[in-house]
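Dear colleague,

Please find below the structure that I am handing over to you.

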Amino acid sequence: MKTKIYGTIGPACCDTEMLVHLFEKGMTGIRINLSHADLEEADAWISGIHSAWSRLHDGTPEILIDLRGPELRIGTLGAERLLKEGDGLSLVADGQNNLFDPTEIPVPGTLLVALAPGQEILLDDGRIALKVEEQFRCGSSVAVECTVVRGGVLKSGKSIAAPGVEIQTPTLTERDYRNLARVKQCRITGVMLPFVRNQEDLKNLKEALINEDAGDIRIFAKIENLQGMEHLGELLPHCDEIVIARGDLGNAMSLAKLPCAQEEIAAQCRKHGRAFMVVTQMLASMEHRAEVSDIFRAVQQGAASVMLTGETAAGEYPLEAMEVLVDTVREAEWYLEERR
């Protein structure tokens, strides 16, 4: 069976003609990232996806939605912030910040109470790094003072990771429940749950889908933290596909360990007959040489699917990136088949 190839829809590829070209190149399905939006806002995109698919194929396209789930994200900022190495700033509970104070960054309150001096905090998929200096409490309010270790431009809604810290958050947010209520109407074929921690997260998602008369929709469990790695065995019976999401998983461990983690997850999936997907920065640099070897390795490990994220959603060369991904995957499949 051929490896499935997904893209991610976004401003760079939401035009119907561009979607037609992506499907022509070999894209077999598409992801809608709902970390920052509701499914209702994606109606035009979904219509464009179906229109583009129908010009080339019968039936309906594979459309995956990626929920917010139990992930941690920056709250609303008044404007994007340039954080410089050595700067001091305060992390405050989301909604309690002064929108125009560049020293205040809103984060989930459940994170604040778990932070201790010396803790590393990674923002925007690790592009920005902070170090916790001190935690302050005033009644029920908590604030954390930090120093910027690695700077960059921070925008609202970007990801947060605190390696080694376990935060107790619900499986699904209110926004997730609203989006799940529309999956059947929007003809969604799969739901991706980020930061899966244990089988209870997957059971909660399944129950929510059943309550929406959508229990037949496929579940994709994203492995993005150490809890997911540790409980991988118990996750396998409760999902249709495991997703090796290397961006946040790479924030949860040293980068030197990430290739080993990918190999271990792939091996467990092969052993138990569970399909798996490899995602994150498959062709992020568009310089190809090292990245095509990475794609080959994913196919060699037995990946049922691979996915482009920012490359198609917001990259300058969505079509070229898809062409390289498809060509590399098919060459890998041919080579491995010839060697059998």
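This is a predicted model: local features need pLDDT of at least 70, side-chain atom pairs count only at pLDDT 80 or more; totals for chains, interfaces and linings use all residues.

Eight strands form a closed barrel in the order 1-2-3-13-14-15-16-17, and their pairing is parallel. From one strand to the next, the twist averages 25°. Helix 9, made up of residues 258-271, touches strand 14, strand 15 (241-245) and strand 16, and its direction makes about 175° with that of strand 15. Helix 12, residues 318-338, touches strand 1 (4-8) and strand 17, and here the angle to the direction of strand 1 is about 165°.

As for the pairing of strand 16 (residues 275-279) with strand 17 (residues 305-307), three parallel bridges join the two. Within strand 17, Ser305 is the bridge partner of Met277.

Helix 5

Helix 5 covers residues 199-211, 13 residues in total. From the first C-alpha to the last, helix 5 reaches 18 Å, close to the 18 Å expected at 1.5 Å a residue. Which residues of helix 5 are buried? They are Asp201, Leu202, Leu205, Ala208 and Leu209. These residues lie on the same side of helix 5, because the arc they cover around the axis is only 120°. Their packing partners are helix 4 (174-180), strand 13 (190-193), strand 14 (218-223) and helix 7 (232-235).

Both ends of helix 5 deserve a remark. After the helix comes Asp213, which has a positive phi, near 55°.

Thr312

Thr312 belongs to helix 11, residues 310-313. Is this residue, Thr312, buried or exposed? Its relative accessible area is 1%, below the 20% cut-off, so Thr312 counts as buried. A polar atom of the Thr312 side chain lies 2.8 Å from the backbone oxygen of Thr8. Leaving aside residues up to four places away in sequence, Thr312 touches Gly7, Thr8, Ala12, Cys13, Pro318 and Met322.

With kind regards

Methods:
Residues are numbered from 1 along each chain as its sequence is written. Side-chain values use heavy atoms; hydrogens and water are left out. Helices (H or I, at least four residues) and strands (E, at least two) are DSSP runs, numbered from the N terminus. The expected span of a helix is 1.5 Å times one less than its number of residues. Buried means under 20% relative accessible area, exposed over 50%, partly exposed in between (1.4 Å probe, protein chains only). The arc is that of the directions from the helix axis to the C-beta atoms. Contact means heavy atoms within 4.5 Å. Two strands pair if DSSP finds at least two bridges between them. Axes are lines fitted to C-alpha atoms, for helices over the stretch in contact, and angles run from 0 to 180 degrees between N-to-C directions. A polar contact is a pair of N or O atoms within 3.5 Å; within protein, one must be able to donate a hydrogen and the other to accept it, and residues adjacent in sequence count only if both atoms are side-chain atoms.
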